[in-house]
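Dear colleague,

Please find below the structure that I am handing over to you. My notes on what was found in it follow directly after it.

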Amino acid sequence: MLNMSKRKRFKLSLSVFLLLIKENKVLLIKRSNTGWMDGYYSVPAGALDEGENISKAIIRESKEEVDINLTKKNIKLVHAMHNMTHAEEWIGLFFFANKWKGEPKINEPHKHSELLWSPINKLPKNIIPYVAQAIKEFSKQNQYSEFGWDTN
């Protein structure tokens, strides 16, 4: 029998993203004062905390960033992305929701400066590239993509 306790496993960080959709528009938030990609749009997102399950992470991040309440039954995993940015490898899980409680608003003004309901098929030019890719893949109903890997 193989002793799994001695096996060293490769570990990746994981981030969760929310595709909040209303009338064929996706909710975007503009980053500001963070020191990374300021002035670019993203979607509500964040890292998985240690000991936290994934559904709780997306529910928590949604409340923290745009002050909405989601339930586990109202979220659906729609896209997974294996990402390489700034020489760091990580996994992004994108969840879809079209039902929530509360009106989205900037809940962390020290990190975000603007909300925008953008048509899914006409995203702004200043959107984080891997977020744009995930939204486009979601629109095509593709469940997996890779970003930032050398394809040579």
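In what follows, Ala, Val, Leu, Ile, Met, Phe, Trp, Tyr, Cys and Pro count as nonpolar, Asp, Glu, Lys and Arg as charged, and the others, Gly among them, as polar. The model is predicted, with local features requiring pLDDT of at least 70 and side-chain atom pairs pLDDT 80 or more, while totals for chains, interfaces and linings use all residues. Residues are numbered from 1 along each chain as its sequence is written, and side-chain values use heavy atoms, without hydrogens and water.

**The largest pocket**

By the classification above, the lining of the largest pocket divides into ten nonpolar, eight polar and four charged residues. A pocket here is an open set of points on a 1 Å grid over the protein atoms alone, where a 1.4 Å probe fits, with protein on both sides within 12 Å along at least five of seven lines; lining residues have an atom within 4 Å of a point. The volume of the largest pocket is about 480 Å³, taken as the space filled by probe spheres set on the points, which are joined across faces, edges and corners. Its lining comprises 22 residues, of which Ser 15, Phe 17, Arg 31, Trp 36 and Tyr 130 are the closest to the centre.

Helices (H or I, at least four residues) and strands (E, at least two) are DSSP runs numbered from the N terminus. At least two lining residues come from each of S1, S2, strand S4 (45-47) and S6. S1 provides the largest share, four residues.

**Aromatic pairs**

Rings of Phe, Tyr and Trp (its six-membered ring) pair if their centres lie within 6.5 Å; planes under 30 degrees apart count as stacked, over 60 as edge-to-face and the rest as tilted. The structure contains eight aromatic pairs. One of them is the stacked pair of Trp 36 and Tyr 130, at 6.5 Å centre to centre and with 25 degrees between the planes. The two residues are 94 residues apart in the chain, Trp 36 being in the loop between S2 and strand S3 (41-42) and Tyr 130 in helix H2.

Buried means under 20% relative accessible area, exposed over 50% and partly exposed in between (1.4 Å probe, protein chains only). Trp 36 is partly exposed, at 29%, whereas Tyr 130 is buried, at 9%. Ring pairs also join Phe 17, Trp 36, Trp 90, Phe 94, Tyr 130 and Phe 147 into a cluster.

A nonpolar core is a set of buried Ala, Val, Leu, Ile, Met, Phe, Trp, Tyr and Cys residues joined through side-chain atoms within 4.5 Å. The largest has 24 residues, and Leu 19, Val 26 and Ile 135 touch the most other members. Two or more of its residues come from each of strand S1 (13-22), strand S2 (25-31), strand S5 (76-85), strand S6 (88-97) and helix H2 (129-139). H2 gives the largest share, six residues. Another core, of 16 residues, lies apart from it and includes Leu 14, Leu 27, Val 66 and Trp 100.

Contact means heavy atoms within 4.5 Å. Leaving aside neighbours within four places in sequence, Ile 135 is in contact with Leu 19, Val 26, Leu 28, Val 43, Ile 120, Leu 123 and Ile 127. The buried residues of H2 are Tyr 130, Val 131, Ala 132, Ala 134, Ile 135, Glu 137 and Phe 138. These buried residues pack against S1, S2, S3, S5, S6 and strand S8 (144-147).

**Individual residues**

Leu 18, in strand S1, is buried at 0% relative accessibility. Not counting residues up to four places away in sequence, Leu 18 touches Val 43, Pro 44, Ile 58, Ser 62, Ile 68, Leu 70, Phe 95 and Ala 97. Leu 18 and Val 43 are 25 residues apart in sequence and 6.1 Å apart in space, C-alpha to C-alpha.

Most residues other than glycine have a negative phi. Glu 23, however, has a positive phi of about 50 degrees; Glu 23 lies in the loop between S1 and S2 and is exposed, at 71%. Asn 24 lies in the loop between S1 and S2 and has a positive phi of about 60 degrees. Gln 141, which follows H2, has a positive phi near 60 degrees.

With kind regards
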